[in-house]
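The sequence and the model are shown first, and the description follows.

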Amino acid sequence: MRDSVRFAAYSFFRCPNPRTGEGEVRTIEQVVAHVADLKRRFGFTTHKIKAGVFHPDYELEVYRAVAAAFPADSLRFDPNAVWSTEQAIRFGQAIEGLRKRYLEDPVYGLNGMRRTREMARVPLATNTVVVNFEQLAANVLSTVAGGPMRYENGAIRVPDGPGLGVKLDRDKLREYSELYRRLGGYPYDQDPGRPGWAPIIPNDRWADPHDTRPVPFPV
Ligand SMILES: [Mg+2]
C-alpha cells in the first residue's frame with residue numbers, strides 16, 4: 001500500500017548523560033534545540049513531546065515555544081494522563097489557536113477525556129497502555145540485524161523482505177537480556193532524581209525545571 005511510512009519525532013525532557021554531562025533537555029531553549037536537531041537530522045515535520053514532568057504552566061511555555069519555532073509543523077503533547085481534568089481543560093483551551101496540534105492522554109480515564117474534549121476545541125488521542133506484549137515484540141524486533149531502521153525525510157521505508165521484513169539480531173537480544181537481569185525492568189514511571197517519588201493521578205508534585213543537581217543513574 002505504501003513505499004514509506006511517516007513518523008513523528010519523539011522528544012522527551014532528558015537528564016544529562018552522567019558520564020559526559022551532555023544531552024540535557026530541561027529548559028525551554030534546550031527543548032527547542034532538541035526538536036530542531038531531530039528535525040535537521042531526520043526530516044521530521046511532526047513533533048511529539050512527552051510531558052507531564054514539570055508544572056503544566058511551565059510545559060505550556062514549552063509548547064508555545066516549540067509551536068512558535070516550527071509554525072508549519074504538527075505538534076503533539078503527551079503528559080501521560082497525570083493532569084487533573086481542570087488542568088487538561090486549561091491547557092487545551094490555551095492551545096486552541098495553534099494549528100495542527102493534539103493532546104495525547106491529557107487526563108486519566110474516559111470521563112476526564114470526554115470532559116476535556118467538551119471544553120477544549122483540541123483533538124485528543126489516547127494510548128494509555130504503555131507496556132504490553134505487542135510493544136514488547138516490537139522492541140525485540142527493533143534490534144534488527146543491521147541496526148535500527150533509518151529515517152529518511154521523516155519516514156521509514158517499509159522493509160521488502162519476507163514476513164515483517166526484519167531479522168532478529170541474537171547477539172543484541174542476548175546483550176539486552178543480560179542487561180535486564182542486571183538492572184531489572186525499565187522504571188518507566190520513576191524519577192532517579194527524586195527517590196521515593198511515585199506518580200499519582202492527578203499529579204501535584206512536579207519536578208523543578210530549575211533543579212540542576214546531577215541525577216544518579218545506574219551504569
Ligand atoms: Mg501516550
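## A first residue and the basis of the model

Is aspartate 105 buried or exposed? Aspartate 105 is buried, because 23 other C-beta atoms lie within 10 Å. A residue is called buried if 20 or more other C-beta atoms lie within 10 Å of its own, exposed if 12 or fewer, and partly exposed in between, with C-beta atoms placed from the backbone.

The model is predicted: local features need pLDDT of at least 70, side-chain atom pairs count only at pLDDT 80 or more, and totals for chains, interfaces and linings use all residues. Residues are numbered from 1 along each chain as its sequence is written.

## Two domains

The domain assignment divides the chain into domain 1 (1-128) and domain 2 (129-188); such bounds come from an automatic or database domain assignment. Between the C-alpha centres of domain 1 and domain 2 there are 24 Å. Domain 1 gives 12 residues to the contact and domain 2 gives 9 residues, where two residues are in contact if their C-beta atoms, placed from the backbone, lie within 7 Å.

On the side of domain 1 that touches domain 2, the largest share, 3 residues, comes from strand S1 (residues 4-6). Helices (H or I, at least four residues) and strands (E, at least two) are DSSP runs, numbered from the N terminus. By class, this side of domain 1 holds 4 nonpolar, 5 polar and 3 charged residues. Here Ala, Val, Leu, Ile, Met, Phe, Trp, Tyr, Cys and Pro count as nonpolar, Asp, Glu, Lys and Arg as charged, and the others, Gly among them, as polar.

## The parallel sheet

An open sheet is formed by 5 strands in the order S2-S3-S4-S5-S6, and the pairing is parallel. Two strands pair if DSSP finds at least two bridges between them. S2 and S6 are the edge strands, each pairing on one side only.

Strand S2 (residues 9-12) pairs with strand S3 (residues 46-50) in the parallel sense over 4 bridges, and alanine 9 has histidine 47 in S3 as its bridge partner. From S2 the chain passes through helix H1 (residues 28-42) to S3 in a right-handed β-α-β crossover. A crossover is right-handed if, with the strands pointing away from the viewer, the path from the first strand over the helix to the second runs clockwise.

S3 is joined in parallel to strand S4 (residues 74-78) over 5 bridges, with phenylalanine 77 in S4 as the bridge partner of isoleucine 49. The chain takes helix H2 (residues 56-69) from S3 to S4, again in a right-handed β-α-β crossover. S4 and strand S5 (residues 101-104) run parallel and share 3 bridges; phenylalanine 77 stands opposite leucine 103 in S5.

## Helix H4

The buried residues of helix H4 (residues 110-119) are Gly112, Met113 and Thr116. They lie on the same side of H4, because they cover an arc of only 100° around the axis, taken from the directions from the helix axis to the C-beta atoms. These buried residues pack against helix H3 (85-94) and strand S6 (124-125). Leu110, Asn111 and Glu118, on the other side of H4, are exposed.

## Backbone details

Aspartate 105 lies in the loop between S5 and H4; its phi is near 45°, a positive value in a residue other than glycine. Asparagine 80, in the loop between S4 and H3, also is not a glycine and has a positive phi of about 55°. Asparagine 80 counts as buried, with 21 C-beta neighbours inside 10 Å.

Isoleucine 201 and proline 202 are joined by a cis peptide bond, with omega about -5°. Proline 202 lies in the segment after helix H6 (170-183).
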